[in-house]
Amino acid sequence: MSSQQESIRCRIRNFDFKGLFIEELGWDAPPKASLTAQVGEQNYQLTSAAEKRGVVILQCHVPAGSPFPDTQAQRKIDHFVTKHHAVHLIIFVDAAKTKQVWLYQGRVGGRTIYRTRTYYSHQSGEALAQRLRDIAFSIQEENRLFTPEVANRLAKSMGAEKVTKKFFLRFKKE
């Protein structure tokens, strides 16, 4: 295993998203901005961890003593964030730092799709680290990198591409 892959896994395990995206994956430091989303009576603070060509990575802090937001609450928070950032990834984190849920929302074939990836602190982080390879950017790419490329690579890394449908159709033929 490469030392960079181990560094990525370490940052995932340590819930160090700024270091993960900026230092390991070549993203840019985000503007110092935060959002507060309200779902029912609960407020959720979202802070920017990284940015690349307008695509934003946000961390949603679940307050101590509050239940982790369920799928419906996560989607409401995502809907709120979409009003501010068209293309984004939200990483939900519990106060005890034992759980992460990575939520990506995109469009495939004219419909909205959601993809989540869950990490628990007792896991190695390898599965998530492998997905993040697609959104690592080198200095050599900077001059030819635009929002659609970043957005497409994020969609691919979170599993929002049409591979599932292609696989299903091929499986059905066999």
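**View 1. Glu6 and Arg13 join their side chains in a salt bridge, 3.0 Å from N to O.** A salt bridge here is a side-chain nitrogen of Lys or Arg within 4 Å of a carboxyl oxygen of Asp or Glu. This is a predicted model: local features need pLDDT of at least 70, side-chain atom pairs count only at pLDDT 80 or more, and totals for chains, interfaces and linings use all residues. Residues are numbered from 1 along each chain as its sequence is written, and side-chain values use heavy atoms, with hydrogens and water left out. Glu6 is partly exposed, at 30% relative accessible area. Arg13 is partly exposed too, at 28%. (Buried means under 20% relative accessible area, exposed over 50%, partly exposed in between, with a 1.4 Å probe and protein chains only.)

**View 2. Asp16 meets Arg11 in a salt bridge, 2.6 Å from N to O.** Asp16 has a relative accessible area of 28%, which is partly exposed. Arg11 counts as partly exposed at 22%.

**View 3. Arg11 also forms a salt bridge with Glu24, 3.0 Å from N to O.** This pair links distant parts of the chain, 13 residues apart. Arg11 lies in helix α1 (residues 3-13), and Glu24 in helix α2 (residues 17-24). Helices are DSSP runs (H or I, at least four residues), numbered from the N terminus. Glu24 is buried, with a relative accessible area of 15%.

**View 4. A network of salt bridges links Glu6, Arg9, Arg13 and Glu126.** Side chains of opposite charge can pair when their charged atoms come close. The count by this rule is 11 salt bridges.

How values were computed. Helices (H or I, at least four residues) and strands (E, at least two) are DSSP runs, numbered from the N terminus.
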